[in-house]
Structures are given as C-alpha cells and as structure tokens.
Amino acid sequence: MPAPDSDQKASRNDPWSASFWTGRRVLITGHTGFIGGWLSLALLELGADVHGIALPPPGTPSLFAASGLESRLAHRIVDLRDLDPTRQAVREAMPEIVFHLAAQPIVRQARQQPVESFATNVMGTVHLLEALRGTDSVRGLVAFTTDKVYRNREWHWAYRESDELGGVEPYGASKVGTEQALDAYRSSYFQRPRRIAVATIRAGNVVGGGDWAADRLVPDAMRAFAAGETLSIRRPHSVRPWQHVLEAVDATLLLGRLTLEQPELADQAWNFGPREEDRQTVGWIADRLAAAWPGGSWRHEPDEGGYEAGLLAVSSDKARSLLGWSPRWGVAQAIDNSVAWYRRWHQGEDATALVREQIGAYRQ
C-alpha cells in the first residue's frame with residue numbers, strides 16, 4: 001500500500017497509556033516466544049485483557065516459563081497450521097486488536113526445514129487471517145514480518161517500505177509470502193463491509209533479555225559465557241540493524257493503538273530500525289557482549305554454508321515522519337541492558353521484575 005499523503009500524520013497519543021489499554025481485549029499469537037513474551041508482559045502491566053495462542057516454548061529456559069505467563073493471561077496451545085482450532089481460539093478470545101508474532105523465526109532452521117517454515121509463516125498467517133475474517137470483534141491487526149523481506153542488493157543505504165520485496169533463501173521468501181497474504185486479505189476482505197486495519201512491522205535484529213533461541217548472536221553468547229566457553233562467530237563483518245526488544249514493543253503498541261484511532265494511517269507496512277550510527281557489525285556486537293560479561297570471549301569460525309546478507313539496514317524515515325517514532329536506546333545501551341538482564345537472571349533475580357525495571361527505564 002502506498003504511503004499516505006504528507007499531511008496525514010499520527011496524533012501524538014502515548015502508546016503506553018494505561019487509559020487506552022486497560023480492559024481492552026487483545027490476542028497475541030506467539031506469546032510463548034521472545035518478543036511475544038515482552039509484549040505480553042507490557043500489555044499486562046498496562047491493564048489489557050490479554051489472550052495468547054501459540055505452540056509451547058521451543059525449549060528450556062524460556063521467558064514464558066520464567067515469568068509465569070501461563071497463569072497471568074488466557075493461554076491456549078494452538079498450531080496456526082491447523083485452521084479449525086485457530087478459528088475456534090480466535091472466536092473464543094473475541095479480541096479487538098490482534099498482534100501476530102507466531103512464526104518460525106530462525107534463518108538457519110528455515111534452510112534446514114523449508115517446508116515447516118513456509119507452512120508456519122505463510123499458511124499459519126493465512127489461517128489466522130481467515131479466522132479474523134469470521135470474527136466480528138476484530139478491528140486491528142499488527143503483524144511482524146522481518147527486515148529480510150527486501151530483495152537484498154548489498155546496498156550501502158537502508159531499505160524503504162517502497163523497495164522491492166524478494167527472498168533468496170527460505171526464511172526471507174516465507175516472510176515475503178506472509179506480506180503478500182496480508183496484502184491480499186487487506187485489499188480483498190478487510191476494507192468493506194467491515195474495516196480491519198492491517199499494519200505490518202519490518203523490524204531490525206531484536207535483542208534483549210529472555211531470548212534463548214538457538215542460532216541468534218546474543219542468546220548464543222549468553223549461553224557460552226555462562227558456561228565459561230568461547231562464543232563462535234561465523235561472519236563477524238556482517239552488518240545488521242540491531243535494536244532492543246523494547247523498541248519493537250513500543251512500535252507494536254503504537255501501531256496497535258493507531259489501528260483503532262487512525263486506521264487509514266496504520267493500514268500499511270512500516271520499518272522500525274535503529275539510527276544509522278547504530279548499525280554495527282557482528283564482530284562489534286560480540287566485542288560489546290564480551291566486554292559486558294566478565295571473562296567473555298569470542299572467536300571466528302568461518303561457515304560458508306547457506307546464504308546470509310553481508311549488509312542489511314532498514315530506514316525508519318516514514319515512521320519518524322508520520323508517526324513521530326524514533327528509537328530511544330542506542331545499540332551500546334541495547335547490548336549492555338541485554339547482558340545485564342541475563343547476568344541478573346543467572347544470579348537468581350525474577351524475570352518479570354527485570355522486564356518491569358527495564359520497561360520503566362525505557363519509558364523515562
């Protein structure tokens with residue numbers, strides 16, 4: 001969808017306003033995951049009536065288990081690859097706003113298991129959209145895709161929402177398929193007779209405490225350092241748009257509110273990434289991680305199997321201009337806060353209290 005006219009901008013309402021979220025019924029797919037867990041905890045703190053559908057956490061530990069989310073929201077185990085259970089769960093939740101984060105999110109896993117990744121990311125999204133089409137309570141949908149939906153040309157400038165989409169490996173291609181499914185339902189079913197505003201988020205590389213996924217730099221580093229081992233890095237010179245998970249949560253809450261208050265503006269794709277000076281190499285991030293964890297170290301172990309972009313960046317100019325959004329924490333602060341979260345959790349501190357503390361610091 002094309003960008004709105006320049007005079008169409010978001011009002012500066014606080015996306016973290018408890019007066020907006022208190023009692024509002026929301027559904028989160030993928031609430032057992034990393035970003036979904038942070039979003040769930042934030043919405044619970046703001047007083048929302050939170051419902052979640054997802055597969056069980058992929059492993060132990062998990063933020064979902066560590067924060068006791070199962071007992072704090074309406075939790076259902078649902079596989080979005082199954083249409084009928086998805087329909088039933090959505091109808092039972094009767095949400096006003098849906099946040100879609102359920103996905104197979106790991107690039108290397110998608111290369112190893114492409115059928116599962118396409119089924120989850122594309123058909124799982126189609127099944128959710130079909131369920132929303134038959135649920136009258138829904139007015140807004142905010143769906144996560146990825147910065148990797150852009151056809152990567154190794155440009156030295158950041159991709160904008162108007163740039164060509166295209167995946168050259170299974171993960172990126174599956175997320176392009178997700179975007180196309182969202183576009184198709186937006187234009188075919190969600191304009192008339194009932195409007196559902198569909199906002200998609202193309203975020204950068206999200207980091208933060210409570211992520212224990214395999215084949216991600218920060219959780220791999222935290223596992224290695226906690227065990228007294230050296231972190232192995234495949235491509236230290238690759239550049240990525242690193243940002244703290246609270247930047248993604250902030251953008252999600254903002255778009256969720258706008259789907260109700262300014263649906264014509266919200267109803268399109270949005271990039272949310274760091275400032276240009278905060279795009280750093282994998283090696284720079286590894287150095288920062290090691291410096292923040294006593295005794296931390298890393299080594300380069302080349303692995304040429306599979307495709308990975310050397311340079312990837314997204315422009316948040318549209319979000320800054322039309323939504324008034326900009327990141328609050330630079331990359332150094334994002335990494336330092338992430339390591340502090342893990343270190344304190346390993347020392348026995350409560351996961352939920354650590355999330356609350358960092359939310360408070362972010363909002364100051």
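This is a predicted model: local features need pLDDT of at least 70, side-chain atom pairs count only at pLDDT 80 or more; totals for chains, interfaces and linings use all residues.
Begin by selecting helix 4 (residues 83–93) together with helix 6 (residues 114–133), whose axes come within 9 Å and cross at roughly 45°; axes here are lines fitted to C-alpha atoms, for helices over the stretch in contact, and angles run from 0 to 180 degrees between N-to-C directions.

Residues are numbered from 1 along each chain as its sequence is written, and side-chain values use heavy atoms, with hydrogens and water left out. Helices (H or I, at least four residues) and strands (E, at least two) are DSSP runs, numbered from the N terminus.

Next, display the strands, where 7 of them form an open sheet in the order 3-2-1-4-5-6-11 with parallel pairing; two strands pair if DSSP finds at least two bridges between them. At the edges you will find strand 3 (74–77) and strand 11 (269–272), each of which pairs on one side only, and the twist from one strand to the next averages 20°.

Now select strand 4 (residues 97–100) within this sheet. Strand 4 is joined by 4 bridges to strand 1 (residues 25–29), to which it runs parallel, and V26 stands opposite I97 there. Another 4 bridges join strand 4 to strand 5 (residues 140–144), again in parallel, with H100 opposite A143. Both faces of strand 4 are covered, with I97 and F99 on one side and V98 and H100 on the other, all of them buried, that is, under 20% relative accessible area, where over 50% is exposed and anything in between is partly exposed (1.4 Å probe, protein chains only). Continuing to strand 6 (residues 197–203), you will see that 5 bridges join it in parallel to strand 5, where L141 stands opposite V198.

Helix 2 (residues 34–45) lies across strand 1, strand 2 (49–54), strand 4 and strand 5, at about 165° to strand 1, while helix 4 lies across strand 1, strand 2 and strand 3, at about 155° to strand 1.

The next stop is helix 8 (residues 217–226), where 7 of the 10 residues are buried, so that it is largely enclosed by the rest of the structure. The buried residues are L217, V218, P219, A221, M222, A224 and F225, and what covers them includes strand 7 (205–207), strand 8 (231–233) and helix 11 (282–292).

Finally, inspect the backbone in some loops. Most residues other than glycine have a negative phi, and most peptide bonds are trans. In the loop between helix 4 and strand 4, M94 has a positive phi of about 45° although it is not a glycine, and at 47% relative accessibility it counts as partly exposed. D215, in the loop between strand 7 and helix 8, likewise has a positive phi, of about 60°. Last, select T60 and P61, which are joined by a cis peptide bond with omega about 0°; P61 lies in the loop between strand 2 and helix 3 (63–66).

Technical notes: Contact means heavy atoms within 4.5 Å.
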